[in-house]
Amino acid sequence: MKIENLHTEFKSSFNDAVVETLSAFANTKGGEVYVGLDDKGLPIANFSTGKETVQNWINEIKNKTQPSIIADIEPLIVKGKEVICIAVNEFPVKPVAFKGRYYKRVNNSNHQLSAIEITNMSLQSLQLSWDSYPAHGKSLENLDPRKVTVFMEKVNATGRFKLEGSWLENLQKLKLVGTEGITNAAWLLFAKETTGYNVHLGRFKTPSMIIDDKMLNGTLFEVVEETMRYLIGQIKVAFEITGMPTQRTEIFEYPLPALREIVLNAIIHRDYMSPVDIQVKIFDNKITFYNPGTLYGNLTIDALKKDNYQANARNKLIAEAFYLTGDIEKYGSGFIRIRKELKGYPTMKMEFEEIPNGFLSTVSYEKQKTGLIEDNVVDNVVDNVVDNVVDNVVEKEQQIIGFMLKNEKITAKKIALALTLTERTVQRYLKGMQEKGMIVRLGTDRSGFWKVNDTNKIS
């Protein structure tokens, strides 16, 4: 016999709980309720139905659901006992209500939908998206023609679409402006002023110790680039020094293309009906990305772990705009590209999960990648500097150089905090690096700063 799951439930008798479950099935992928079975799927000894029972059940199901569900009812014999199977298919126009409330099936139980989930399900059922609706209280005067022009130039450069004529004509062609005015998508992509949707970024030593934080608010294209600049400014960089004359190769703590894909995914697919900010937290060996809105459509966590998953766009016009500019490839391929990029970082992994009203992605590693070998094949990650890095250049010195290249006026105190070292230890590193010719001191002890020696005079 079957077990209770996403599509199956057992009930000892017919009651409102049966109708509630049928409505949840109709809002998900359909399913069957077996009436006359206990929780283990065994027949109830005293269960029986009368001559008019089946028709009464059909009428009750129809009267208590809106739009009305017409269920298929079939009698079965299980272990010599009569059982009634009530089946419904996924309803084409969702959501279906049971006595004014809305449910969907999650694993083997019913989950009551929130107001946002009800709206999303309705829009998806009608093949609409929130970003295609008129932006309330906004007009063409609220858009920046310069930003639209930059967008048009980028689209034409990719060759994925040809935009000619005025910027207004092109926005109309792309359905970003309609007869009722500008859409939510147009407002988010090309607004003159801030939109009210934030990306909150922070650098953490521990979950409660914040080293740095920043709030970004702007149009979506701008926020993507600003977020990437912040990430690059916060993550560590190792260096591989090879050849004569010497050449220095930067090896970022995380693969930048993978980080960009995660940022794009968060910004393009977030639920813009939620007031919650996108949140990016950078720790010593992991970065977490939270965006409001659970997985959209029928996509599941298990499906997302495979390379053949089918994705639906929550914000169709926004996704189309980023596709036309070449920022994303075909829909539903972002996580495939992320996994491909992470293969070059042996101990790095990506995990993701649905949490209340949102989606959380985490990229983490055990050991930082510090070097490359021929043909860009990744060498085994080691605790110290890789073999082809000049002798005496230890990992901490490379990290300090990385901080200086990103911020030439960074203080020893800030370096110490980032590396979890004492300031005295960092000063000792600096003195040693100066003696080796790796860095030079410019200005006075009080107001000067350290600078990486471009000639790479390393003894």
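**Stop 1**

Start with the second largest cavity, which holds about 60 Å³ of space. A search of the whole structure turns up 7 cavities of 30 Å³ or more. Here the work is done on a 1 Å grid over the protein atoms alone: a cavity is a set of points where a 1.4 Å probe fits but cannot get out, and lining residues have an atom within 4 Å of a point. Grid points are joined across faces, edges and corners, and a volume is the space filled by probe spheres set on the points.

Before you click further: this is a predicted model, with local features needing pLDDT of at least 70 and side-chain atom pairs counting only at pLDDT 80 or more, while totals for chains, interfaces and linings use all residues. Residues are numbered from 1 along each chain as its sequence is written, and side-chain values use heavy atoms, leaving out hydrogens and water.

Now select T195, Y197, N198, V199, G218, L220, V223, I267, R270, Y272 and I278, which line this cavity. They comprise 7 nonpolar, 3 polar and 1 charged residues (Ala, Val, Leu, Ile, Met, Phe, Trp, Tyr, Cys and Pro count as nonpolar, Asp, Glu, Lys and Arg as charged, and the others, Gly among them, as polar). At least two lining residues come from each of β11 (198–206) and α7 (220–234). Helices (H or I, at least four residues) and strands (E, at least two) are DSSP runs, numbered from the N terminus.

**Stop 1: along α7**

Show side chains for L220, F221 and V224 of α7 and I318, A321 and F322 of α10, which make the contact (heavy atoms within 4.5 Å). The contact has 6 nonpolar residues, no polar and no charged.

A pocket is an open set with protein on both sides within 12 Å along at least five of seven lines. Of its 15 lining residues, select I211, G233, Q234, I410 and K414, the closest to the centre. α13 gives the largest share of the lining, 5 residues. By class, the lining has 6 nonpolar, 3 polar and 6 charged residues.

**Stop 2: a four-stranded sheet**

Jump to the open antiparallel sheet, in the order β3-β6-β7-β8. β3 (65–66) and β8 (109–112) are at the edges with a single partner strand each, so one side of each has no neighbour in the sheet. Two strands pair if DSSP finds at least two bridges between them; β3 and β6 (residues 97–98) have 2. Zoom in on Q66, whose bridge partner in β6 is A97. Q66 is also joined to P67 by a cis peptide bond, with omega about -5 degrees. P67 sits in the loop between β3 and β4 (72–78).

**Last stop: confidence**

Colour by pLDDT, the predictor's confidence in each residue, from 0 to 100. The average is 84, and 90% of the residues score at least 70. Residues 372–393 are below 50. Where pLDDT is low, the predicted coordinates should not be read in detail.
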